[in-house]
Amino acid sequence: MKRAILTPTVRLYKMPEGREAAHEFEMSPQRNPTPTNPFLNPVMLGQDKLEKIFHSALAKYGCSVELGTELQSFEQTSYSVKVKLIKRGFSQDPSSGELEESVFDWMIGTDGARGVVRKQLGLTFLGETRNVENFIVGDIYVDGLSQKHWHMWGEASDVLISLRATETPGLFNFVVGGKNINHPILSNNEDLLRKCFVENTGQRPDLKFGDIPWMSHYTPNIRMVDKFGVGRVYVAGDSAHVHSPTGGQGMNTGIQDSFNLAWKLALVVKGFSAPSLLDSYNEERIPVIAEMISQTTKLLKKALDKDEAALQTDGNLFQLGVNYRWSSIVVDERKAIEAEREAEEDSYLEDFQFDDEEDDEEKLDSYGIGHDGRLRAGDRAPDSSGLKVCSPLRLAKQACQLFQIFASSHHTILIFSDLVDFRDVLRVCSLYPKEAICTVVITRGKKHVPLDTTPADFILDDRDGHAHASYCPTGVCGVVVVRPDGVVGAIAKGPSWMNRYFRGIFTAKLTN
Ligand SMILES: Cc1cc2nc3c(=O)[nH]c(=O)nc-3n(C[C@H](O)[C@H](O)[C@H](O)COP(=O)(O)OP(=O)(O)OC[C@H]3O[C@@H](n4cnc5c(N)ncnc54)[C@H](O)[C@@H]3O)c2cc1C
């Protein structure tokens, strides 16, 4: 967040002069953070910088990324995956390199759209290649251009130039497209490409086009796998789905794939869960990817029609509504109670009304576009600010928010002490693997929770009531389980439905 920049204002220029703005608009108008959504404004950061941040984060756990190492092939049995790697280092010579054969328990192919893992697994990658919409993409240093804008000149029907300011002063990310561009020639000749920039931005003497650190030819492909893995080998990210970059969904979606798979695989590797838990990776992610592809393809069409909506990042594209309500591993007692209540009301009214049959099945709406804002199991767990730590004592009286407590390494069990007998819930929690859970008792009002005899990891006072308002708005169901990927796994009235959830997760250890 510190290294990134906010989204720049989009500026479309009047042609042929290319100097005066024909139109300007905000790509994503600034929003004020709320107690439940602290990160409401998208930020931009080059993927090369983001990767460096990831690599240094991994290094803290003693894990180093072996660059210059190519997976050539693999074979799997029911126990392991045997891989052949070529270790080339940074040599450009394709015939160089040392062969290494290694055996792993599991393998995740995050080797991009052309990756070998998907191909060797034999997964389908159905969809289309849009050859008519070719672009040249890359970065270029430009003198004389404001860093506050995303600059655009021309039309897709002729020549379209887009120069977006980046977090590096003077460096702009470019897209060059349009029917009158000779892509193969321009994408292989930096001088001709610079000439193209000069000619199609109004021949302005104040603009100086400099070094091009990288560039590439890009053809939109719109494709996805039919399943995310076979046996002990999985795919995630672009190796499982590719689509138009409109809407900026790709990397974000790939990270969510990895997160969805990683916590489940970690529990399997630690021996807490049976491998069947991994089936839910496929079940949960396929509908999200299908919706993402539909959204980005609609935006691509808008972008080619020069509709400014294609560049505006709205609520749906923030992906905060992405959910797994239909997943077979989530458990929602509140929904069951409400459905029962509605069924009772319906049977009472039946005699007076014509039957207007309601579908009790959860409608599959993976981006949450039609959802009414009520929290359900399978939704992204909201934050809550305004909490005060009561226990542990070393943190006592400090202000805290739930996002500081949720973590990728454990399930967080929120226990609202005014709605449920917290002792009963904690007693059942003591049966679960200790390192895989974090228990949080949330108090409100006068209900007393003895600090010295309550075996919870945290006791928090919901001073401002935000946690109650977002997690238990109706006062029904005082237990909420948040999964390691920040998704609500269970909403329960008490230990019974909570345990129903964990019986589906800690499948290897719990039988009761
Ligand atoms: C013009 C453009 C703009 C975009 N803008 C956005 C945006 O604003 N926001 C967003 O979220 N997404 C955006 N995307 C999408 C995003 O770039 C991709 O979704 C993302 O890079 C996919 O990450 P990945 O790790 O799955 O695959 P990749 O980034 O393709 O990485 C795959 C890696 O695997 C390596 N590899 C391949 N084969 C092998 C092998 N056999 N052995 C070892 N390594 C191998 C490759 O060298 C590469 O390093 C954009 C894409 C484009 C083209």
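I began with Thr 253, which touches His 241, Arg 285, Ile 289, Met 292 and Gln 319 once residues up to four places away in sequence are left out; contact here means heavy atoms within 4.5 Å. Before going on, I noted that this is a predicted model, where local features need pLDDT of at least 70, side-chain atom pairs count only at pLDDT 80 or more, and totals for chains, interfaces and linings use all residues. Residues are numbered from 1 along each chain as its sequence is written, and side-chain values use heavy atoms, with hydrogens and water left out.

**Thr 253, continued.** I placed Thr 253 in helix α5 (residues 250–269). Helices (H or I, at least four residues) and strands (E, at least two) are DSSP runs, numbered from the N terminus. Is Thr 253 buried or exposed? I found Thr 253 buried, with a relative accessible area of 1%. The cut-offs I use are under 20% relative accessible area for buried, over 50% for exposed, and partly exposed in between (1.4 Å probe, protein chains only).

**Gln 319.** I followed one of the contacts of Thr 253 to Gln 319. Gln 319 sits in the loop between α6 (279–304) and β20 (331–332). Its phi is near 65°, a positive value in a residue other than glycine. Gln 319 is also buried, at a relative accessible area of 7%.

**Domains.** I looked up how the chain is divided: domain 1 (5–32 + 134–218), domain 2 (66–105), domain 3 (106–130 + 222–319) and domain 4 (331–505). The bounds come from an automatic or database domain assignment. Taken over C-alpha atoms, the centres of domain 2 and domain 4 are 45 Å apart.

**Ligand shell.** How many residues surround the ligand? I get 18, and the closest are Gln 47, Leu 71, Asp 238, Met 251 and Asn 252; a residue is in if one of its heavy atoms lies within 4 Å. By class, the shell has six nonpolar, nine polar and three charged residues. For the classes, Ala, Val, Leu, Ile, Met, Phe, Trp, Tyr, Cys and Pro count as nonpolar, Asp, Glu, Lys and Arg as charged, and the others, Gly among them, as polar. Domain 2 (66–105) and domain 3 (106–130 + 222–319) each give the shell at least three residues.

**Polar pairs at the ligand.** I went through the backbone next. A polar backbone atom of Gly 250 is 3.5 Å from a nitrogen atom of the ligand. A backbone N or O atom of Met 251 lies 2.8 Å from a ligand oxygen atom, and for Asn 252 a backbone N or O atom lies 3.1 Å from an oxygen atom of the ligand. Taken alone the ligand exposes 1,000 Å², and the protein buries 57% of that; the areas come from the Shrake-Rupley method with a 1.4 Å probe, and for residues only the protein chains shown count as cover. Which elements give two or more residues to the shell? They are β5 (69–76) and α5.

**Thr 219.** I found Thr 219 in the loop between β15 (214–218) and β16 (221–224). Thr 219 is buried, with a relative accessible area of 18%. Its side chain makes a polar contact of 2.7 Å with the side chain of Asn 134. A polar contact is a pair of N or O atoms within 3.5 Å; within protein, one must be able to donate a hydrogen and the other to accept it, and residues adjacent in sequence count only if both atoms are side-chain atoms. Leaving aside neighbours within four places in sequence, the contacts of Thr 219 are Thr 129, Arg 130, Asn 131, Glu 133 and Asn 134.

**Phe 125.** I placed Phe 125 in the loop between α2 (116–121) and β9 (126–129), and Phe 125 counts as buried at 17% relative accessibility. Phe 125 and Arg 223 are 98 residues apart in sequence but 5.7 Å apart in space, C-alpha to C-alpha. Contacts of Phe 125 beyond four places in sequence include Arg 223, Asp 238 and His 241.

The peptide bond from Met 15 to Pro 16 is cis, with omega near 10°, and Pro 16 is in the loop between β2 (9–13) and β3 (21–26). Another cis peptide bond joins Ser 391 and Pro 392, with omega about 5°. Lys 397 has phi near 75° and counts as exposed at 69% relative accessibility.
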